[in-house]
Amino acid sequence: MKRMLVAALLGVLALAGCTGPRDQGPAAAESPSAPPAGGAGSPSLAPDPTRTQPPKDPSARWRVLKEWRRDQPAVTGDHNGTYTAFHEDGSPDSSSPQQTRVFDRHGSLVLERTSEGSGWFTQEAWLTDHFAVVEDLHEGQRLVRLFVYDLRTGEAVELPGGLQPTQPEVDAGSGQVSFTTGTAETRMCQQLVDLESGVAKAPTCASTGEVLADTVVGASAYSFSRVRSPNVEQRCKNLTVVQGERQSDIPLHEKCLGWSAAVIEGAVAWDEADPLSESLWLGEGYVRPGDEQPIALGPVVTDTIVGCGDRFFWEGLGHHDSSGIESWSAEHGVQTVWGPQRDVVPVDLECSDGRWLHLRLDEITGKDEMLRIIVLDTRTIS
């Protein structure tokens with residue numbers, strides 16, 4: 001989900017609350033992660049008793065993938081144990097094409113790709129299994145293109161039936177990629193493609209006038225949001241989980257205030273926020289293990305919840321309203337996995353293939369500022 005909002009391209013999606021988020025080698029794959037499916041009604045919220053326990057902090061287990069000064073070109077990174085990717089940050093105003101480079105675990109370059117330029121820029125890149133998925137945008141023409149590469153051969157892979165997204169709402173993981181096709185006027189559908197077999201699953205389609213967004217892929221399920229009346233005053237946004245042929249809406253605590261969701265095996269988590277709130281960037285988080293009562297997670301930075309392994313992770317508020325990275329698991333409840341640091345802002349929290357959590361840290365000291373991408377093997381958290 002790493003989202004960098006491109007206002008003109010997203011248009012109605014921005015109002016709906018839907019947002020988009022190197023050249024040196026790396027470091028050391030596996031998969032997993034899936035969910036349940038909601039259920040009807042909006043049960044009362046059970047408090048999380050583990051919040052009273054002192055959080056453990058395995059911050060030392062984070063590893064730096066890349067570090068650079070703010071006056072150098074900014075990059076975004078991804079790591080899935082087997083491969084590491086970096087792509088230069090782009091924007092509609094970029095005067096030159098961006099490069100995406102992928103390295104294997106030995107630091108050897110296995111893919112180097114340059115965006116087309118002429119208005120096109122690279123918005124995002126994902127690694128999943130042995131594939132790289134790259135999303136390019138053209139704001140002026142309001143177009144989105146997906147490019148898939150088999151990293152074992154370096155060759156481009158065509159999506160089945162020439163499928164391409166119509167909105168910058170894409171996610172890849174567990175050897176799959178999910179994206180939306182169509183428009184609210186012609187009917188939007190959520191597509192899911194298995195990259196190894198090249199087979200597209202049966203799409204999940206919205207009613208005419210509904211907007212689909214915020215897609216998140218798990219190992220055996222995926223989630224997305226459905227927005228009706230996306231203009232802010234009447235906006236109603238619900239969250240849906242699809243597992244196999246079973247589709248269910250997440251039972252929101254506050255009707256219509258869903259924001260985004262994430263899934264792991266046996267649980268679903270989500271955040272809710274009022275689009276009329278002055279602090280729209282901050283919502284309330286919830287997790288529902290199986291068919292149990294939802295558990296309140298407290299304040300979360302909207303659109304940051306991700307599922308990784310047997311845990312959920314999100315940006316939460318620490319001392320003096322600074323952001324840290326929190327996690328929840330059925331065994332340990334809520335833990336801090338990266339404590340808030342003065343003048344350091346975490347952004348682009350993501351999970352690769354159900355195991356590797358990574359984010360970018362931006363210094364805002366105003367002097368000699370450094371940026372770095374760090375990664376955590378979630379199996380090392382105890």
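Colleague: Why does Glu116 count as partly exposed?

Modeller: This is a predicted model, and in it Glu116 has a relative accessibility of 49%.

Colleague: What makes Glu116 and Arg145 a salt bridge?

Modeller: The closest N and O atoms of Glu116 and Arg145 are 2.8 Å apart, and a salt bridge asks for a side-chain nitrogen of Lys or Arg within 4 Å of a carboxyl oxygen of Asp or Glu, so this pair meets the condition. Glu116 lies in the loop between β5 and β6, whereas Arg145 is in strand β8, and so the pair ties together parts that are 29 residues apart in sequence. Arg145, with a relative accessible area of 30%, is partly exposed.

Colleague: How do you know that Arg101 is buried?

Modeller: Arg101 has a relative accessibility of 14%, and the word buried applies under 20%, so Arg101 is called buried. Its salt-bridge partner is Glu112, with the closest N and O atoms 2.9 Å apart. This pair joins Arg101 in strand β4 to Glu112 in strand β5, 11 residues apart. Glu112 is partly exposed, with a relative accessible area of 43%.

Colleague: Which residues are linked with Arg372 in a network of salt bridges?

Modeller: Glu67 and Glu363 are linked with Arg372 in that network. The side chains of Arg372 and Glu67 meet at 2.7 Å, N to O. Because Arg372 lies in strand β29 and Glu67 in strand β1, the pair ties together parts that are 305 residues apart in sequence. Arg372 is buried at 16%, while Glu67 is partly exposed at 40%. A search of the whole structure finds 15 salt bridges.

Colleague: What makes Cys189 and Cys205 a disulfide?

Modeller: The sulfur atoms of Cys189 and Cys205 are 1.9 Å apart, and two cysteine sulfur atoms within 2.5 Å are taken as a disulfide, so the pair qualifies. Cys189 belongs to strand β12 and Cys205 to strand β14, so the link ties together parts that are 16 residues apart in sequence. Cys189 is buried, with a relative accessible area of 12%, whereas Cys205, at 24%, is partly exposed.

Colleague: Why is the disulfide of Cys308 and Cys351 called right-handed?

Modeller: The torsion about the S-S bond of Cys308 and Cys351 is about 70°, so the disulfide is right-handed. The pair links Cys308 in strand β23 with Cys351 in strand β27, 43 residues apart. Cys308 has a relative accessible area of 1% and Cys351 has 16%; under 20% means buried, so both residues are buried.

Colleague: Is the link of Cys236 and Cys256 left-handed or right-handed?

Modeller: The link of Cys236 and Cys256 is left-handed, with -70° about the S-S bond. Their sulfur atoms are 2.0 Å apart.

Colleague: How many disulfides does the structure hold, then?

Modeller: The structure holds 3 disulfides, and with the bonded cysteines numbered in sequence order the pairing is 1-2, 3-4, 5-6.

Key: Residues are numbered from 1 along each chain as its sequence is written. This is a predicted model: local features need pLDDT of at least 70, side-chain atom pairs count only at pLDDT 80 or more; totals for chains, interfaces and linings use all residues. Side-chain values use heavy atoms; hydrogens and water are left out. Helices (H or I, at least four residues) and strands (E, at least two) are DSSP runs, numbered from the N terminus. Buried means under 20% relative accessible area, exposed over 50%, partly exposed in between (1.4 Å probe, protein chains only).
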